[in-house]
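Good morning, and thank you for coming. I shall begin with single residues and then turn to the chains and how they meet.

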2 protein chains.
Amino acid sequence: MNSALSISQGVAEKSVVNPNMEAVLARRRRREISVEELFSGILKGDRTALAQGITLVESSLPEHQEKAQELVQKCLPHSGNSLRIGITGCPGAGKSSFIEAFGVYLINEHKKKLAVLAIDPTSQRTKGSILGDKTRMNELSANINAFIRPSPSGASLGGVAQKTRESILLCEAAGYSIILIETVGVGQSETAVHGMADFFLLLMLAGAGDELQGIKRGIMEMCDGMAITKCDGENVNKALAARSEYQGALHLFPATSYSWAPRVIATSAITREGLPEIWKMISEYEDTVKQNGWFSQNRKEQQKHWMESTIHNGLISSFYKHLSVQKELLLAEQAVIEGKESPFKAANRLLKLFSQS
Amino acid sequence: MNSALSISQGVAEKSVVNPNMEAVLARRRRREISVEELFSGILKGDRTALAQGITLVESSLPEHQEKAQELVQKCLPHSGNSLRIGITGCPGAGKSSFIEAFGVYLINEHKKKLAVLAIDPTSQRTKGSILGDKTRMNELSANINAFIRPSPSGASLGGVAQKTRESILLCEAAGYSIILIETVGVGQSETAVHGMADFFLLLMLAGAGDELQGIKRGIMEMCDGMAITKCDGENVNKALAARSEYQGALHLFPATSYSWAPRVIATSAITREGLPEIWKMISEYEDTVKQNGWFSQNRKEQQKHWMESTIHNGLISSFYKHLSVQKELLLAEQAVIEGKESPFKAANRLLKLFSQS
């Protein structure tokens, strides 16, 4: 919680090493920054303001949340003008190396401004394990056109996802034209990322047998494109074979409702092979779905879905915070698991407790 | 709602054609049936009692719901002794014909008692469109060892799914050892069925191009087995080719966490080819997951999940029934879709309205 006031997570600040006194003063100054100041800073593309804005969004303190909502609301009319790319893959697929290589490629070759966000609900303790290891993204994190932000911490996926969604809006208002949203391919976070991305890219390691265990089933069919990573050195043949296999398998999948056939591309973060093809695929996708209306329809549905899921999360969190519910919950769960009470009866009993006060 | 008191949906009653007067008397009698009577009838395997019990479960009237919960609670200790098989497939894959053929096979060759339930949230109007067409299941619906019940009607998938879950418990208490739960392969109902089944079977039509559009992406990776239907006549070669293709594709999928490699089997409802292999696959699956503990672990998790989703559904439905929320909801949605209000701000505004009274 108290991390809410620190802005140390933003890369923009990483070179600021304050002596003690200066840090105290700086912290005091930061506290006084108004929403209006943050907003105008963000609009100007000021990275410090953006990082501070996101810190505000990530804070759980009620007074910060109020300010954060005000800031998000202000940024809203200036948001939306980016391409939001979701990236997932099993641990070991080389997500960080890929994002480093792909990001630098987009900045250098296509003059993009790139923000990298992450959703990792498991990172509560480490506060952003995926992007925490900045050494993997040396070149990108030093680049003035890249803004890298680790996963927000939070108790629930719903909470983490909401913070990331709001951060997207802030990054867009700050002029970032490509938003990469990264997630580990386990649990339900990919579904959350899929629900906030325009394009969903799955990274796969060639010849991964056991590695695939880490990926949740159902993810493969969700993707709009797949990249076989580490296609270099001795791996090239294996990667190319995997490419064909997956491309064949994707043909068997149900077609997307938006006239897009996902492609599989082999790539290497070392040789940079495949990066232009991946960008070409994503660009063609963008053209296709902007032309056939899916792009804006999907965004609208996502907006509506965000509202609904915020409502659901709010309801559920107030339920589980309820004292009488908390007292009864574990006992009820146990009775249900042991088959002593029907799930419906237990649920209704708890709901009654909740509504009674 | 008034259909709650009619028992005409159960197959058991289909031969009962009452003259007017008798019908009135019968209806009066039915009203007086106590939970205790229903329960003892169900335990004896009485089909009329089972059909009436399910009708009670499906009723939305509060007094019926109370009785239904009592009945479900009574049946609970006698439930669980079945294999619950979820079946999905795109429209046109021949679900009804498959279930007819497979059901008759299980009854005749393996002396099973079979209940067929359905989840079809879109069937609100037609009250059970999938199984409504009984002519497709002539042989099965006439069989004394089969109990067929169309999809319950209901406003939401959550509501429909809950009713089906409770019906499963009743059928099990009535001694049905195989429960087939059928769903159309669109929307989110397959996820609901997956969440209440021990084994999830996906039916696919060979050479289906556009037909696949109807299936939701992600379903293929959820299945424990796949059957290519209509493997007969001129279709045989196409079906066998599809079988190999899908079998190859399934190998590329992430492995299940429960040590099971899904198989693909070609089958025909006409020649009955493949039915023994499908049953063999399901039996081997049952042995495997009972041995490695997944079967009971999965059931426990499902129980817990049922409780949670009943809570969530209850919270959400009381939210949307709230008068001040209803007044504001459409406006808020519109503002969100048009990008005038942030989804989070709108949601929080509505949540405040809800909590204020």
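Leu331(B) counts as exposed, because 11 C-beta neighbours lie inside 10 Å and a residue with 12 or fewer is placed in that class. Its place is in helix α13 of chain B, residues 323-337. Please bear in mind throughout that this is a predicted model. To give a sense of distance, the C-alpha atoms of Leu331(B) and Asp46(B) are separated by 51 Å, and these two residues are 285 residues apart along the chain.

Is Tyr258(B) buried, exposed or partly exposed? With 15 C-beta neighbours inside 10 Å, Tyr258(B) counts as partly exposed, since the partly exposed class lies between the limit of 12 or fewer for exposed and that of 20 or more for buried. Tyr258(B) is found in the loop between α10 (236-252) and β7 (263-266) of chain B. Leaving aside residues up to four places away in sequence, Tyr258(B) touches Val289(B), Asn292(B) and Trp294(B).

Ser259(B) is not a glycine, and yet its phi is positive, at about 55°. Ser259(B) is exposed, with 11 other C-beta atoms within 10 Å. What do we find for phi at Ser259(A)? There too the angle is positive, about 55°, although Ser259(A) is not a glycine. Ser259(A) lies in the loop between α10 and β7 (263-266) of chain A, and it counts as exposed, with 11 C-beta neighbours inside 10 Å.

Let me now describe chain A as a whole. Chain A contains 14 helices and seven strands. Of its 357 residues, 46% are buried. If we take the contacts in chain A with a separation of 6 or more, 74% of them are between residues 24 or more positions apart.

The domain assignment divides chain A into domain 1 (2-76), domain 2 (80-292) and domain 3 (301-355). Where domain 1 meets domain 2 in chain A, each gives 15 residues to the contact. On the side of domain 1, the elements that supply two or more residues are α2 (35-43), α3 (47-58) and α4 of chain A. Among these, α3(A) gives the most, with six residues. By class, this side of domain 1 has nine nonpolar, four polar and two charged residues.

I turn next to the two chains together. How are the copies related? A rotation of 180° with 0.0 Å of shift along its axis superposes chain A on chain B, with an RMSD of 0.1 Å. The two copies are therefore related as by a two-fold rotation axis. In chain A, the C-alpha nearest the axis belongs to Gly218(A), at 2.1 Å from it.

At the interface, 48 residues of chain A are in contact with 47 residues of chain B. Two or more residues on the chain A side come from each of α4 (62-75), α8 (157-173), α10 (236-252), α12 (294-321), α13 (323-337) and α14 (343-355) of chain A. Which element gives the most to this side? That is α12(A), with 12 residues. By class, the chain A side has 26 nonpolar, 14 polar and eight charged residues. Furthermore, 98% of the interface residues of chain A are also interface residues in chain B, so the copies meet through the same surface.

The axes of α4(A) and α14(B), the latter covering residues 343-355 of chain B, come within 9 Å and cross at roughly 130°. That crossing makes α4(A) oblique to α14(B), because 130° falls between the 65 to 115 degrees of the roughly perpendicular class and the limit of 145 above which helices count as roughly antiparallel. Which residues make the contact? From α4(A) they are Gln69(A), Val72(A) and Gln73(A), and from α14(B) they are Phe344(B), Lys345(B) and Asn348(B). By class, this contact has two nonpolar, three polar and one charged residues.

How values were computed: Residues are numbered from 1 along each chain as its sequence is written. Chains are lettered from A and ligands numbered from 1 in the order in which they are written. This is a predicted model: local features need pLDDT of at least 70, side-chain atom pairs count only at pLDDT 80 or more; totals for chains, interfaces and linings use all residues. Two residues are in contact if their C-beta atoms, placed from the backbone, lie within 7 Å. Helices (H or I, at least four residues) and strands (E, at least two) are DSSP runs, numbered from the N terminus. Ala, Val, Leu, Ile, Met, Phe, Trp, Tyr, Cys and Pro count as nonpolar, Asp, Glu, Lys and Arg as charged, and the others, Gly among them, as polar. Copies are superposed by least squares on the C-alpha atoms of residues with pLDDT of at least 70 in both. Axes are lines fitted to C-alpha atoms, for helices over the stretch in contact, and angles run from 0 to 180 degrees between N-to-C directions. Angles under 35 degrees count as roughly parallel, over 145 as roughly antiparallel, 65 to 115 as roughly perpendicular and the rest as oblique. Domain bounds come from an automatic or database domain assignment.
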